[in-house]
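Take a look at the chain below. We will walk through it a few residues at a time.

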Amino acid sequence: MKKILKECYGKLSLAKKITFLNIGMIAFVLVSFTLILQVFFEKAVLDIVTESYVQRFETVSDNCADILLDAERITKVLFTDEDVENWFQNGRETGIAQRLQQRMKVESRLDYLEALYPENQFSSISVYTTGGEMVNTNSIRSRAAAYLNLLEEIQKMPEKPAWLDLYEYEDEEGPGDGIAYMRPYREYSSGQVKGYIVVEYNSELLQKIFTPLKYQAEGQYLITDTSGNVKLASENTEQTAQNIADRDFFQWVLQKNNDEGKSFQIGGERCLVTAAEIGTLDWMMIGVTPVSMLLEPGKIMTVVLYVVGVFAVAAAALLSFFVAHTVARPLSELADTMKRFGKGDLHVSVPVRSGDETGVLADAFNKMTVQIETLVQQVYREQRDKRKYEFAVLQAQINPHFLYNTLSSVSALIKMNRPDDAFQMIHAIGQFYRTALSSGKNLISLRTEVENIESYIQIQKMRYRDKIIFQIEFDEAIMDVPIVKLTLQPIVENAIYHGVKNVPHQGKISVCGAGNGADVVIRISDNGAGMSAERAEEILSEEEKSREKSFGLYSIRQRLRLYFGEEAGISIQSKPGEGTEVIVKIPGQGKAGHNEISTDR
């Protein structure tokens with residue numbers, strides 16, 4: 001299928017391709033923008049709702065904390081009441097009339113508290129003795145028997161303040177759903193528990209406390225314990241009196257450690273779930289809000305975007321079709337011609353069919369091809385002539401320089417009345433120049449260059465004799481590597497005249513060559529006067545002043561780079577009074593090739 005679509009697309013004209021691509025691009029951008037907008041809108045709404053639930057959870061938690069404080073406060077007030085203390089301490093051994101009188105006083109105290117506190121503070125208060133006697137507030141006296149059944153459950157609990165979960169109370173004749181705060185009364189003298197005070201909060205009262213958790217009309221809330229048992233739920237929830245421990249969202253609630261919400265599928269609908277813990281009761285507050293309800297305001301915006309998008313795509317299709325047919329034909333001709341030009345055909349041209357931008361572009365391309373062809377030929381000739389000229393100039397700099405120094409030595413020998421030495425020197429000069437000429441070749445083998453150095457050293461030995469010691473050592477493996485002729489001789493000459501000539505001790509000049517990977521490195525060192533680092537840098541500088549003073553080393557470096565590239569060259573290592581070492585590097589063991597090498601000796 002993919003191959004068929006590719007073939008069909010390839011057969012389309014450029015105009016159709018442009019049209020389809022523009023339509024597809026606009027549709028893609030529109031759909032992508034809408035989807036991204038929906039994602040960001042949904043995230044923003046869910047974050048806002050989550051933050052709202054966090055605030056609601058804080059409010060309910062504060063209310064629960066107030067309940068605990070009120071329950072503790074009520075029990076402490078009753079424990080300090082003299083009538084309540086008498087009720088706990090005297091017990092059944094008191095006479096019936098006196099006991100009845102004590103009971104009435106406790107009931108009066110409880111009724112007073114019930115009238116003092118608002119209806120939403122607690123549901124009832126019950127006072128128990130360990131002997132099974134009970135006094136209640138007026139609101140539950142008609143159902144007192146149901147609350148007496150709690151005493152057995154209370155006596156099973158640890159003798160310390162605690163909360164009772166009345167939802168787990170299985171006795172059908174019990175007080176009903178809710179929670180209760182129990183506080184034991186201990187006799188001061190003996191430390192024994194004499195009774196209990198229980199403050200009840202029934203389900204109806206708790207419903208009022210947790211009502212702020214509901215988000216708008218369709219929002220729901222659940223109050224559960226950590227085992228998933230639902231204690232309370234909003235009126236419109238389907239989870240009442242059920243265990244939700246196996247639900248995915250409840251497992252997430254148990255594991256969450258932040259205030260963020262998360263969406264889950266609940267009852268076939270995607271809902272935002274947020275939760276918080278009620279530490280006092282070890283319960284969980286869970287808010288459940290349908291995402292569809294939260295995103296309802298964004299649906300209108302989405303519809304508007306899609307309607308605008310449809311009109312935009314239609315307008316783009318018409319405009320693209322017109323523009324594509326107008327531009328495609330001359331562009332296609334220009335593209336074909338440019339491909340031929342890119343393959344090396346410099347004689348192509350594009351027919352100019354109009355005076356608009358495409359016509360101007362075609363005309364400019366035609367002129368450009370003519371100019372490029374002319375420039376290519378011109379650059380080729382200039383580069384060829386430039387290399388010949390540069391080498392000729394550099395060679396002219398070196399040869400007269402050496403000849404001048406050598407003839408000065410011959411003249412000195414004649415003045416010193418040493419004609420035989422002068423004859424031998426002139427003979428050595430002839431041998432030297434025979435090698436230097438090399439049948440007009442600019443590259444010679446390293447072996448020939450070394451023989452040329454030896455001829456030059458023979459000339460210098462006639463003049464300086466034992467004042468200078470020469471040492472030549474080259475690896476045989478590199479002797480056939482090509483090198484620009486007269487590369488090493490000027491360096492040896494500089495080592496004599498600028499290095500060891502005027503030192504008080506015996507001079508020594510060493511010329512060594514070896515391979516270094518694919519490169520050849522030649523070192524010419526002396527124990528002469530040496531120089532500073534600044535002077536060494538100046539010698540190799542391209543400034544005219546430095547070239548005039550030390551044209552030998554500069555010329556050598558330029559000739560090496562002309563033949564072997566920028567990696568070839570010369571470096572100098574020297575210290576004043578410690579001698580100098582000149583390092584010549586020929587990269588790649590003669591990249592220039594062997595076709596120009598001369599073997600003349």
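**Charged pairs, buried spots and a helix**

The side chains of Glu 476 and Arg 447 form a salt bridge, with N and O 2.8 Å apart. This pair ties together distant parts of the chain. Glu 476 sits in the loop between β12 (468–474) and β13 (482–484), while Arg 447 belongs to helix α13 (residues 446–464). The two are 29 residues apart. Keep in mind that the model is a predicted one.

How open is each partner? Glu 476 is exposed, at 55% relative accessibility. Arg 447 is partly exposed, with a relative accessible area of 22%. Side chains of opposite charge can pair when their charged atoms come close.

Now stay with helix α13. Leu 446 is in this helix. Is Leu 446 buried or exposed? Its relative accessibility is 1%, and since buried means under 20%, Leu 446 counts as buried. Look next at Asp 480. Along the chain, Leu 446 and Asp 480 are 34 residues apart, yet their C-alpha atoms are separated by 5.7 Å.

Move on to Leu 486. This residue is in the loop between β13 and α14 (489–500). Leu 486 is buried too, with a relative accessible area of 1%. Its backbone deserves a look. The phi angle of Leu 486 is near 60 degrees, a positive value in a residue other than glycine.

Back to charges. How many salt bridges does a search of the whole structure find? The search finds 17. One of them joins Glu 187 and Lys 194, whose closest N and O atoms are 3.9 Å apart. A salt bridge requires the nitrogen to be within 4 Å of the oxygen, so this pair qualifies. Glu 187 counts as buried, at 19% relative accessibility. Lys 194 is partly exposed, at 21%. The line between these two classes is drawn at 20%, so the partners get separate labels.

Another pair is Arg 561 and Glu 566. Their side chains meet in a salt bridge, at 3.7 Å from N to O. Arg 561 is partly exposed, with 24% relative accessibility. Glu 566 is exposed, with a relative accessible area of 62%.

Salt bridges can also join up. Asp 165, Asp 225 and Lys 231 are linked in a network of them.

Some charged residues gather in a patch instead. Which residues form the negative surface patch? They are Glu 51, Glu 58, Asp 62, Asp 66, Asp 259 and Glu 260. Take Asp 259 as an example. This residue lies in the loop between α8 (248–255) and β8 (262–266). Asp 259 is exposed, with a relative accessible area of 55%. Patch members need over 30%, so Asp 259 clears that cut-off.

For a contrast, turn to helix α7 (residues 203–210). Six of its eight residues are buried, so helix α7 is largely enclosed by the rest of the structure. The buried ones are Ser 203, Leu 205, Leu 206, Gln 207, Ile 209 and Phe 210.

Finish with a record. An unreviewed UniProt entry places the feature "transmembrane region" at residues 20–41 and 303–324. What does the chain do over residues 20–41? In the model, residues 20–41 are 100% helix and 0% strand.

Key. Residues are numbered from 1 along each chain as its sequence is written. This is a predicted model: local features need pLDDT of at least 70, side-chain atom pairs count only at pLDDT 80 or more; totals for chains, interfaces and linings use all residues. Side-chain values use heavy atoms; hydrogens and water are left out. Patches are made of residues with over 30% relative accessible area and no salt bridge: like charges are joined within 9 Å, nonpolar side chains (Val, Leu, Ile, Met, Phe, Trp, Tyr) within 5 Å. Accessible areas come from the Shrake-Rupley method with a 1.4 Å probe; for residues, only the protein chains shown count as cover. Lys and Arg count as positive and Asp and Glu as negative; His and the chain ends are not counted. The place of a charge is taken as NZ of Lys, CZ of Arg, CG of Asp or CD of Glu. Helices (H or I, at least four residues) and strands (E, at least two) are DSSP runs, numbered from the N terminus. Buried means under 20% relative accessible area, exposed over 50%, partly exposed in between (1.4 Å probe, protein chains only). UniProt positions are given in the numbering used here, feature names are shortened, and annotations may be inferred rather than shown by experiment.
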